[in-house]
Amino acid sequence: MFETFEHVPAYPLALPVFWGAFALFLFVIVRRLRVFTAVHEGTPVASSEVGIRAWGVIRYAILQNKMFRWTRAGVVHYVIFLGSTILLIGNINIVTGGIPQAIVSWPLDGILWTLAVALQNIIAVGVLFSLVYLYARRLISRPSRLTLDRTGLAVLTMIALVVSTEFFAMAFEAAAYGDVPGAFVTNALAIPLGSLPLSVNETAFAVLWWAHI
């Protein structure tokens with residue numbers, strides 16, 4: 001079951017680490033949700049409003065159209081939004097022991113999973129460039145509507161760490177063990193890394209992989 005992660009030292013430990021943290025997260029959220037049980041029931045939603053509300057979910061939650069009041073900032077934020085959803089493909093694969101990869105790789109001789117990895121590679125690059133732009137906005141151009149607060153910078157930094165550790169772990173993995181099917185960007189980065197000693201590439205991969213977890 002874990003053949004996909006045979007290069008990861010102590011890979012099985014990733015499962016209790018993640019699911020333990022997820023259980024703690026659910027515990028905290030459930031405590032917060034108790035507030036809603038104290039709220040009085042409002043007016044039932046009319047059947048005529050269901051379509052309007054469904055469109056609202058698509059418009060505001062998925063398409064994120066309110067972001068595009070500021071075109072460049074909106075595009076950059078949407079790229080990061082896509083990253084937070086599409087990059088979940090790889091993360092879900094990690095914390096389930098490779099089950100999604102096994103399922104998606106079954107038809108068409110693995111082409112679909114290869115395409116999914118390629119899409120994640122592209123999105124990761126887009127997110128990293130978007131983060132550079134957002135750092136510059138907060139630290140250099142500083143539009144009047146933005147404040148230089150620690151929370152905003154902390155959020156950007158956490159996103160940068162999550163995405164960059166996964167991205168460069170894949171590059172070092174390719175350098176140490178061979179190309180990752182579909183990961184054409186990180187496979188290209190692995191070419192110059194291949195000149196490093198094998199032990200360096202293996203160690204860098206392991207450290208970055210676990211840092212991502």
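1. Lining of the largest pocket. In this predicted model, the residues that line the largest pocket divide into 16 nonpolar, 10 polar and 5 charged. The lining comprises 31 residues, and Thr-4, Gln-101, Met-170, Glu-173 and Val-180 lie nearest the centre of the pocket. The volume of this pocket is about 690 Å³.

2. Elements around the largest pocket. Two or more lining residues are given by each of helix H4 (88–95), helix H6 (111–141), H7 and H9. H7 supplies the largest share of this lining, with 7 residues.

3. Second largest pocket. The volume here is about 490 Å³. Its lining is formed by 17 residues, of which Phe-18, Leu-88, Asn-91, Val-162 and His-212 lie nearest the centre. Helix H3 (71–86), H4 and H7 are the elements that give two or more residues to this lining. H4 gives the most, with 5 residues. By class, the lining of the second largest pocket has 12 nonpolar, 4 polar and 1 charged residues.

4. Packing of H7 with H9. Helix H7 (residues 150–177) packs with helix H9 (residues 198–212) at an angle of about 150°, and their axes are 8 Å apart. Since angles over 145 degrees count as roughly antiparallel, H7 is therefore roughly antiparallel to H9. The crossing in which H7 passes H9 is left-handed.

5. Residues of the H7 and H9 contact. On the H7 side, the contact is made by Val-162, Thr-165, Glu-166, Phe-168, Ala-169, Phe-172, Glu-173, Ala-175, Ala-176 and Tyr-177. On the H9 side, the contributors are Leu-198, Asn-201, Glu-202, Ala-204, Phe-205, Leu-208, Trp-209, Ala-211 and His-212. The residues of this contact divide into 13 nonpolar, 3 polar and 3 charged. Glu-173 of H7 takes part in this contact and is also among the residues nearest the centre of the largest pocket. Val-162 of H7 and His-212 of H9 likewise belong to the contact, and both are among the residues nearest the centre of the second largest pocket.

6. Packing of H7 with H8. H7 and helix H8 (residues 184–193) pack at an angle of about 55°, with 7 Å between their axes. This angle makes H7 oblique to H8. The crossing of the two helices is right-handed, whereas that of H7 with H9 is left-handed.

7. Residues of the H7 and H8 contact. H7 contributes Phe-167, Phe-168, Met-170, Ala-171, Phe-172, Ala-174 and Ala-175, and H8 contributes Val-185, Thr-186, Asn-187, Leu-189, Ala-190 and Leu-193. By class, this contact has 11 nonpolar, 2 polar and no charged residues. Phe-168, Phe-172 and Ala-175 of H7 take part in the contact with H8 and also in the contact with H9. Met-170, a member of the contact with H8, is one of the residues nearest the centre of the largest pocket.

8. Overall architecture. The protein chain has 9 helices and 0 strands. Read along the sequence, the pattern is α-α-α-α-α-α-α-α-α. Taken along the principal axes, the C-alpha atoms of the protein chain fill a box of roughly 65 × 45 × 35 Å.

Note on methods
Residues are numbered from 1 along each chain as its sequence is written. This is a predicted model: local features need pLDDT of at least 70, side-chain atom pairs count only at pLDDT 80 or more; totals for chains, interfaces and linings use all residues. Side-chain values use heavy atoms; hydrogens and water are left out. Axes are lines fitted to C-alpha atoms, for helices over the stretch in contact, and angles run from 0 to 180 degrees between N-to-C directions. Helices (H or I, at least four residues) and strands (E, at least two) are DSSP runs, numbered from the N terminus. Angles under 35 degrees count as roughly parallel, over 145 as roughly antiparallel, 65 to 115 as roughly perpendicular and the rest as oblique. A crossing is left-handed if the near helix is turned anticlockwise from the far one by less than a right angle, and right-handed if clockwise. Contact means heavy atoms within 4.5 Å. Ala, Val, Leu, Ile, Met, Phe, Trp, Tyr, Cys and Pro count as nonpolar, Asp, Glu, Lys and Arg as charged, and the others, Gly among them, as polar. On a 1 Å grid over the protein atoms alone, a cavity is a set of points where a 1.4 Å probe fits but cannot get out, and a pocket is an open set with protein on both sides within 12 Å along at least five of seven lines; lining residues have an atom within 4 Å of a point. Grid points are joined across faces, edges and corners, and a volume is the space filled by probe spheres set on the points.
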